[in-house]
Amino acid sequence: MSGAAEFAAEPVDGPVDGPVDGPVDGPVDGPVDGELLARIFLTRVVEPGDETGGRWVRELGAREVAERLRAGGRPLPGVSGRCWAGLLARAERADPGRDLAVARDAGVRFVYPGTAEWPRQLDDLGDGRPVGLWVRGPADLRMWALRSVAVVGARACTEYGAHMAATLAAELAERGWVVVSGGAYGVDGAAHRGALGSGGATVAVLACGVDRPYPRGHTGLITRIAEQGLVIGELPPGDHPTQSRFILRNRVIAALTRGTVVVEAAHRSGSLVTARAAGRLGRHTMGVPGPATSGRSAGVHELLRQGAVLVTDAAEIVELVGDMGELAPERRGPVLPRDLLQPTARQVLDALPARGAALAEGIARDARTTRDDAIARLYELRALGYVERHGDGWKLTRQAVIPADDGSGAP
């Protein structure tokens, strides 16, 4: 079959677990939308993030582009003859009906621009937006993405990095936020587990077919995410990951969420690509600081120097990405008893020497008040246990001595 007939409405037997014009449950007796088949075809032919292909779709429509690729002939604008030949070779092997059937059997659906489940924030990617997304899991992707945060970082993370990722994810999930990450080893896996462990929502964005968990060591984790959350990707069923696909996958993570938190990252970490993409898209970029001596936090520290916001817990993250009024609690040290004194009484207390006794006249002078007022405050302080009288003088009690490590900077 070739030309326009390939992407005309096509009958499909049996249940379809993905939307034609929104989610569909049960058997489909009528034809499958030609737009759906055309976009499924393009996921097999055009690489993720290909802005030239995206421009073709925007200017000509997905069906027309698919028909031109299937029919061959003169190249579409913007590609060399060699690149066009490669696309045609892929087009010859593409079978959208088969991909749809395989996806159906794996419980996978396909969402694309214009359908009810499509997250509209992905449109911010312009011509680099996905032609569609393969989705595995029970939740509604568009609704979940509206209140989501990306937590990403190094694959070879430290125990500190794994702990911080899991803790942040659990705290975010408890606050009703969806945690999005890439399903990889290290920080990604810790973030997913943290969200799942708290009974929360999480989304894994893969750089391969969503029916083919990668890395293999995370098959159990990704299966659990698909049962409790969502597993999504641009590539059709069975397709494999490559280095470039991992990098391009990161733009989807950045665009899908309200902000990206990098927990641990070396200078060349792929998670920094996600954060920089988030910044270009106008999303919040955040970093969790690590030891100054750790090379695995060096990339995060550079990101912070470039303007990302330092965060240490979920409250600080939500203050940035949440709605107006979702403020983090004020950070302050422990309240010392003397902090509760009235300013005038504290001024008199500060005027007493650290050792020995002082006369009321000298205390009044150092406190910049009158003798009578100083005496009144000294009797208040004695009642509270801060000072004691020795003859005509006054001296501090042990209770009034401030520890050297109280954070005040006092000697």
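In the hairpin of S13 and S14, two residues lie between the strands, and glycine 391 has a positive phi near 65 degrees. Strand S13 (residues 387-390) and strand S14 (residues 393-396) run antiparallel and are joined by four bridges; pairing requires that DSSP find at least two bridges between two strands. Valine 387 is placed opposite leucine 396 of S14. Helices (H or I, at least four residues) and strands (E, at least two) are DSSP runs, numbered from the N terminus.

The model is predicted: local features need pLDDT of at least 70, side-chain atom pairs count only at pLDDT 80 or more, and totals for chains, interfaces and linings use all residues. Residues are numbered from 1 along each chain as its sequence is written, and side-chain values use heavy atoms, with hydrogens and water left out.

Helix H5 (residues 96-105) has as its buried residues Pro96, Asp99, Leu100 and Ala103; buried means under 20% relative accessible area, with a 1.4 Å probe and protein chains only. Seen down the axis of H5, these residues fall within an arc of 100 degrees, so they line one face of the helix. The arc is taken from the directions from the helix axis to the C-beta atoms. After H5 comes glycine 107, with a positive phi near 75 degrees.

Arginine 70, in helix H3 (residues 62-71), counts as buried because its relative accessibility is 17%.

A volume is the space filled by probe spheres set on the points, which are joined across faces, edges and corners.

| Space | Volume | Most lining residues from |
|---|---|---|
| Largest pocket | About 330 Å³ | H10, six residues |
| Largest cavity | About 140 Å³ | H2, three residues |
| Second largest cavity | About 70 Å³ | H10, four residues |

The largest pocket has 21 lining residues, with Gly153, Arg155, Ser269, Gly270 and Ser271 nearest its centre. Helix H10 (243-256) and helix H11 (270-280) are the elements that give two or more residues to this lining.

The largest cavity is lined by 17 residues, and Val46, Glu47, Pro48, Gly49 and Val131 lie nearest its centre. Among the residues lining the second largest cavity are Pro48, Glu234, Arg245 and Arg249.

Definitions and conventions: 1 Å grid on protein atoms, 1.4 Å probe; cavity = no way out; pocket = protein on both sides within 12 Å on 5 of 7 lines; lining within 4 Å. Buried < 20%, exposed > 50% of the residue type's maximum accessible area, 1.4 Å probe, protein only.
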